[in-house]
Amino acid sequence: MLGKNTYLTGYFPLFAIILFSSSFGYYTEAYLIGQLKRLGIYRGMTELFSNVQIELALWFICTLLFFMLFAALKLISDTLIELSLFFFSKEGEGATLNQIRGGSSIFLVGSLCSILLVKSTILLPILFVLTAFIYFFYFVYKAGSALTTAGMFGLIFMHMLFWACFTLGVLYAVLQVYKAFMSSILPG
């Protein structure tokens, strides 16, 4: 019964987002605590709240922010997958979408591994990116039967172009905000 229920894996993306968010939230919380201590702000905060309250509040805020980020990325990714299948797939009934549904277990396994790497500055983001690439290869493999050779190249090119432009656009916006912030606080 469990193997035939197509809705069983429907919760895997939510669990993966929660686990990845918790891992990144914990790492960010530990980093922020270190920075607050270095700047001397943490001592003043402990006069108002206990250490546990501060750490729990920071972890919750960081986890919530990462949850929103990963949920938005999931929404964008799902839209891009369906749009690329609309443009390049030979079939129109949605059988390919049902075939790639099992790929959510890749993100679940990756998110479970992220719990082990929560203290690593480099390995945690690498694990997330590696999980996304493994899922992309799984997606291309499963969707390959419904694609022509030109459709396969078009699908891969569309995804690579979108994510490259999206990443560069976000980096450009962050650098512009950073530049404006630094020019406003530094004289001259």
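Author: A crossing is called right-handed if the near helix is turned clockwise from the far one by less than a right angle, and left-handed if the turn is anticlockwise. In this predicted model, helix H1 passes helix H3 in a right-handed crossing.

Reader: What makes H1 oblique to H3?

Author: Helix H1, residues 12-39, packs with H3 at an angle of about 135°, and their axes are 7 Å apart. That angle makes H1 oblique to H3, because angles over 145 degrees count as roughly antiparallel and those from 65 to 115 as roughly perpendicular, while an angle between these ranges is oblique.

Reader: Why is Thr63 called buried?

Author: Thr63, which lies in helix H3, has a relative accessibility of 12%, and buried means under 20%, so Thr63 counts as buried. Leaving aside neighbours within four places in sequence, Thr63 is in contact with Ser21, Ser22 and Gly25.

Reader: Which helices do the buried residues of H3 pack against?

Author: The buried residues of H3, among them Ile54, Leu58, Phe66 and Phe70, pack against H1, helix H2 (41-48), helix H4 (95-100), H6 and H7.

Reader: How do you know that the length of helix H7 agrees with its number of residues?

Author: Helix H7 has 37 residues, 149-185, which at 1.5 Å a residue should span 54 Å, and its end C-alpha atoms are 54 Å apart, so the two values agree. Within H7, the residues Gly151, Gly154, Leu155, Met158 and His159 are buried, and the buried residues of this helix pack against helix H3 (51-88) and helix H6 (123-143).

Reader: Why is Phe162 called partly exposed?

Author: Phe162, found in helix H7, has a relative accessibility of 30%, which lies between the 20% limit for buried and the 50% limit for exposed, and therefore Phe162 counts as partly exposed. Not counting residues up to four places away in sequence, Phe162 touches Ile76 and Leu80.

Reader: Are Cys62 and Cys113 buried or partly exposed, and how many disulfides are counted?

Author: Cys62, at 5% relative accessibility, counts as buried, whereas Cys113, at 33%, counts as partly exposed, because the limit for buried is under 20% and that for exposed is over 50%. As for disulfides, a pair of cysteine sulfur atoms has to lie within 2.5 Å to be counted, and by this rule the count comes to zero.

How values were computed. Residues are numbered from 1 along each chain as its sequence is written. This is a predicted model: local features need pLDDT of at least 70, side-chain atom pairs count only at pLDDT 80 or more; totals for chains, interfaces and linings use all residues. Side-chain values use heavy atoms; hydrogens and water are left out. Helices (H or I, at least four residues) and strands (E, at least two) are DSSP runs, numbered from the N terminus. The expected span of a helix is 1.5 Å times one less than its number of residues. Buried means under 20% relative accessible area, exposed over 50%, partly exposed in between (1.4 Å probe, protein chains only). Contact means heavy atoms within 4.5 Å. Axes are lines fitted to C-alpha atoms, for helices over the stretch in contact, and angles run from 0 to 180 degrees between N-to-C directions. Angles under 35 degrees count as roughly parallel, over 145 as roughly antiparallel, 65 to 115 as roughly perpendicular and the rest as oblique.
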